[in-house]
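Me: I would like to go through this model with you. Could you begin with the terms you will be using?

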Amino acid sequence: MTSANALSQRLQAHANRQGLLPFSVFMEHALYDKCDGFYTSGDAPYADYFTSVSVHPSLFGQLLATHLGDVWRVLGQPDPFRVVELGAADGRLADQIRQAAANYSWGKGLAYVGVERAPAAQTADALDSLYASIVDVPAATATAIISNEFFDALPVRLARRATDGWVEECVAVESEGWVFADQPAPEEIRAYANRYASGTPMGGRIEVRQGIEQIFRHAARLASHVVMTTIDYGAVSALLHSERLAAGTLLAYRRHRASDDVLANPGSADLTAHVNFTQLIDVGRSQGFGCYRMGQQADFLAALGIGDHLVRFQERPDVTLATYRAEREAVFQLVSPTDLGRFQVLTQGKGVDLSPIRGLDALTD
Ligand SMILES: C[S@@+](CC[C@H](N)C(=O)[O-])C[C@H]1O[C@@H](n2cnc3c(N)ncnc32)[C@H](O)[C@@H]1O
């Protein structure tokens with residue numbers, strides 16, 4: 001039996017009524033169940049959390065504030081300058097950006113909007129306003145949207161290439177607990193696989209993320225001029241759905257430890273799968289985000305001045321060997337190709353020219 005926890009029992013009752021559940025239903029409840037979800041239940045997941053935001057108290061926010069200065073210019077220097085953060089968590093990135101923004105002319109007009117379904121955001125002082133979903137954010141004149149590790153936390157359906165076509169890997173309850181069980185893949189999955197997963201070998205697994213269209217539809221509705229910057233695990237589809245990643249990318253993280261036992265103790269682990277950036281580009285384009293630029297976090301942060309940070313830090317009068325080493329370690333984690341530096345950064349624009357954006361390759365249709 002994988003788990004007898006309360007959430008697992010409720011999900012089992014659901015599965016007993018419905019039969020097979022798409023994995024996205026299991027993941028939705030495991031992460032966002034109101035009582036016992038990983039993000040939405042009482043205990044604060046962010047306290048034991050490792051992202052680019054948490055590796056240093058201010059550095060990632062400082063560098064993103066420099067990027068937001070580029071975005072502000074691209075948007076025509078709006079005042080107020082509305083920044084919408086998707087997946088704002090407990091407001092820690094908002095706090096870092098707000099502090100750094102005090103050094104910029106656009107900082108006075110900053111209106112920082114959090115979009116977050118977890119209750120931790122409700123006490124975040126750095127957010128000027130908070131919405132549980134992008135659907136609820138009102139339209140304005142110009143808007144910057146940013147997110148870090150937001151898309152990887154959206155539920156995914158699972159599919160496997162079988163000899164006679166694609167099958168969906170659903171979940172079911174058996175005497176030994178949660179197990180995977182196949183059913184014929186529905187049209188939505190087959191269409192995704194035909195478009196993006198021709199490189200997945202026989203027996204290989206893909207994740208099909210839910211809700212992307214809805215997010216871009218509402219992102220496009222927010223203003224006539226929108227710049228959306230997405231930072232996340234992932235790759236373009238030719239790399240993501242390939243021989244090298246034939247087992248798929250779905251993982252459970254418990255206290256920084258990755259495990260492929262994603263069905264154990266729902267609600268006790270973060271569940272995450274890599275983002276298909278080609279899909280973000282395609283869906284964005286269909287909603288009016290006609291231009292985009294993309295690159296790796298390491299190059300992006302280098303162009304925004306992460307190298308200068310260490311030089312400035314070592315000139316501080318209070319610097320010690322220990323504080324310098326800690327600072328250098330944080331910089332290393334943010335740019336290392338085996339760590340957060342391998343994240344992808346995608347900036348998409350609607351009604352704007354993205355050429356002044358630093359640190360990302362220019363890619364337009
Ligand atoms: C992996 S965490 C990243 C948190 C933070 N951005 C960081 O980098 O540390 C993903 C966050 O997105 C939130 N989230 C996921 N789906 C959401 C949705 N549809 N609307 C609002 N928030 C969502 C989760 O509750 C969680 O706080």
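Reply: A residue is called buried if 20 or more other C-beta atoms lie within 10 Å of its own, exposed if 12 or fewer, and partly exposed in between, with C-beta atoms placed from the backbone. Helices (H or I, at least four residues) and strands (E, at least two) are DSSP runs, numbered from the N terminus. This is a predicted model, in which local features need pLDDT of at least 70 and side-chain atom pairs count only at pLDDT 80 or more, while totals for chains, interfaces and linings use all residues. Residues are numbered from 1 along each chain as its sequence is written.

Me: Which residues of α2 are buried?
Reply: Phe 23, Ser 24, Phe 26, Met 27, His 29, Ala 30 and Leu 31 are. Helix α2 spans residues 23-32 and is mostly covered, with seven of its 10 residues buried.

Me: And what covers them?
Reply: The cover includes α1 (6-18), β1 (21-22), β6 (156-162), β7 (165-174) and β14 (270-272). Contact here requires that the C-beta atoms of two residues, placed from the backbone, lie within 7 Å.

Me: Now the whole chain. How many helices and strands are there?
Reply: The protein has 11 helices and 18 strands. Of its 365 residues, 45% count as buried.

Me: What is the radius of gyration?
Reply: The protein has 21 Å, which agrees with the value near 21 Å for a compact globule of 365 residues. That radius is taken over C-alpha atoms, and the globule rule is 2.2 Å times the number of residues to the power 0.38. Along the principal axes, the C-alpha atoms fill a box of roughly 65 × 45 × 40 Å.

Me: What about domains?
Reply: The domain assignment gives domain 1 (6-42 + 155-209) and domain 2 (50-152 + 211-233 + 274-364); such bounds come from an automatic or database assignment. Their C-alpha centres lie 30 Å apart. Five residues from domain 1 and eight residues from domain 2 make the contact.

Me: Back to helices. At what angle do α10 and α11 pack?
Reply: Helix α10 (residues 306-314) and helix α11 (residues 321-335) pack at about 180 degrees, with their axes 10 Å apart. The two are therefore roughly antiparallel, a term for angles over 145 degrees. Axes are lines fitted to C-alpha atoms, for helices over the stretch in contact, and angles run from 0 to 180 degrees between N-to-C directions.

Me: Which residues of α10 make that contact?
Reply: Ile 306, His 309, Leu 310, Phe 313 and Gln 314 do.

Technical notes:
Parallel < 35°, antiparallel > 145°, perpendicular 65-115°, else oblique.
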